[in-house]
Every structure is written in structure tokens, then in C-alpha cells.
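Biologist: I've got a structure open and I'd like to learn how to read it. Could you walk me through a few features?

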Amino acid sequence: YQRRVRDSPQTGSTMSVVRVVAPLPLSASLLKRAVAAVAASHNAPKPLCVRLSHARPLDALLGSLNALYAALRVAGFNDVSIQFPVPSSDFDHDDSAEIVQVVTDDDSELDDSDGAKVATADTVYDVVAVGGTFDHLHDGHRLLLSAAAATTQQTLLVGITAPEMLLKKRFAELIEPFEEREAAVRAFIGTVAPRLQVEVSPLTDASGVAGTDARIKALVVSLETSGGVSFVNDVRATNQLDPLVGVGVPLSGAASADDIASKTSSSSIREQLAKEAEV
């Protein structure tokens, strides 16, 4: 483990940077040692950047990210970004594939009942899209954005749900303004994958730019919303565009998907904020 302190070019604040040199996936013992090393070296309340020495295979990377975020959260670290090496352009591109499954455990499966093919999770693409509300950025968002960054070679297009699409959300009045959500997304991607070009646009419908931009080759989604890839591809077909590869990411933490849903969802964060406001 190596530690240093630097200024974040994205936020201008000082952050602790801890480098973890270890093979992936991180074993339970390595994970425990990594968290202990971080705790021993980090001077709170500075933001923390954990830099992994390896980024492949992708399923091992995301499994390790899952475990690290969950373990660091339990250890009391909240303002955390985990950085990894840039993907190599030497990885094979499988243009015939429609679905890329990124698996972090044996029970995670992507529904391919529509006949979609499954490709290697280590394929990278020049232009990739990802979308979400990204309200009160949490570990699930970080995993999704990390998967998008790890499969992008040049440009990452991020669709962020527009305010008019969120009026029926629980505790909608506590959803962060679009500008704040955009700033958080840009800061996170700028920390974990500073080499990427990032383009942000408001999502005003279900497909966003993924349905209209010919440059995009892949769409990163959670496994829970993987059906959205077929919908987007239907929209692209009407626009005479090639279908996208779907990269499915299980957003389960070190414990379970229920843990992510109950502890780190944006709605649960807003609910907690609402309770605190009543006190």
C-alpha cells in the first residue's frame, strides 16, 4: 500500500490517495488488509481516493469495487472514489454481441430470453452511454459509473434524468437540482477515469441520446433494468441506427442486492433527510 495527498483537479479540495497493489478479485483477507491500511493512513474528513493497481478481468474489478465500497462504508468512509487503470485498446471488440454480462457472483444472471447474445465482459468501446437519476450519489451509482468508465475507450455519454421526469418520485422535493447531480457525476468520473471525455445531457424520455446518437456502441445498465436495452434498440431501429451492446451490471454490494436497495438507494437517503428535517 502507498499513500499520498494531492489536490483534486475536479473539486479543488485536498484528498488522500491510497494505492492498493493487489491481484483481482480481492480476497476476504486482502480486503480486510486494504480497509485497515486505508483507515490507518486516511486523515478524515478529506475525500478519499483508493487507487487499484489492476482493472481486469472486469467482473473481478466490479466485484472488488462492490466489496471495497461496502467495507469502507461500514468502516465509516463516505466520500470515497475508487480509481483503476485505463482499459487497453487491445481488448477484442465483439460487434456481433448484444449483451455483455458483468457478473460479481454465481447467482447473477442477465435475462437473455429475447435471444440476445452474451459477450465477454472485457470488451471496450470507443463511445458508451449510461443513464440514471444520480441523486445523492451513492455506491450503486459509483458501481454503475465505474462499469461505464471501465468499458469506455474515449467518450462516455451520461444521461441524467431531467427534473420534469421526477415529479412522482418519493420525496421529490428533496431531489438535488440537475446542476448538482451533474457536478457530482462529472467529479466522480473525473476522479476514477480522468482520461475520458464526458458528455452530459438531460434525460427527458426513456431512451435519451442512446436512441439517437450514432456514435454510441454500448449502453451500461443495471441487471435490474437490463430490459431497457431492448427498448432503446427499438428506438434506434426506428432511427435507422445499429443496435447497442448492453452491459449489465449487478448492483449488489458485499452483502446483497437488498442491502444496496435498503441502505444506499437515493429514495432511502431522501427519506432519511425528510425524517431529520422533522426533528
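Biologist: Let's start with a pair of residues: are Arg142 and Asp139 buried or exposed?

Modeller: Keep in mind that this is a predicted model. Both Arg142 and Asp139 are buried here.

Biologist: What do Arg142 and Asp139 form with each other?

Modeller: The general idea is that side chains of opposite charge can pair when their charged atoms come close. In this case, Arg142 forms a salt bridge with Asp139, and the closest N and O atoms are 2.9 Å apart. The two residues are 3 apart in helix H3, so about one helical turn separates them.

Biologist: How many salt bridges does the structure hold?

Modeller: There are 4 of them. One of them links the side chains of Glu182 and Arg186, at 3.0 Å from N to O. That pair also sits within a helix: both residues lie in H4 (residues 178-192), 4 residues apart, or about one turn. Arg186 has 34% relative accessibility, so it counts as partly exposed.

Biologist: And which residue does Asp213 meet in a salt bridge?

Modeller: Its side chain meets that of Arg215, with 2.8 Å from N to O. Salt bridges with shared partners join Glu199, Asp213 and Arg215 into one network. As for accessibility, Asp213 is at 14% and therefore counts as buried, while Arg215 is at 38% and counts as partly exposed.

Biologist: How many residues of H3 are buried?

Modeller: 12 of the 12, so H3 is largely enclosed by the rest of the structure. Among those buried residues are Gly140, His141, Leu143, Ser146 and Ala150.

Biologist: Which strands make a β-α-β unit with H3?

Modeller: E7 and E8 do, and the unit is right-handed. Strand E7 covers residues 125-132, and E8 covers residues 152-161. The two strands run parallel and are joined by 7 bridges. To find the pairing on screen, look for Gly132, which stands opposite Ile160 in E8.

Biologist: Now for backbone angles. What is phi of Phe134 near?

Modeller: First the general idea: most residues other than glycine have a negative phi. Phi of Phe134, though, is near 55°, a positive value in a residue other than glycine. You'll find Phe134 in the loop between E7 and H3. With 1% relative accessibility, Phe134 counts as buried.

Biologist: And where is Gln240, which has a positive phi as well?

Modeller: Gln240 is in the loop between helix H5 (228-238) and strand E11 (245-249). Its phi is about 60°, although Gln240 is not a glycine.

Biologist: Does Gln240 count as buried or exposed?

Modeller: Gln240 counts as exposed, because its relative accessibility is 74%.

Conventions:
Residues are numbered from 1 along each chain as its sequence is written. This is a predicted model: local features need pLDDT of at least 70, side-chain atom pairs count only at pLDDT 80 or more; totals for chains, interfaces and linings use all residues. Side-chain values use heavy atoms; hydrogens and water are left out. Buried means under 20% relative accessible area, exposed over 50%, partly exposed in between (1.4 Å probe, protein chains only). Two strands pair if DSSP finds at least two bridges between them. A crossover is right-handed if, with the strands pointing away from the viewer, the path from the first strand over the helix to the second runs clockwise.
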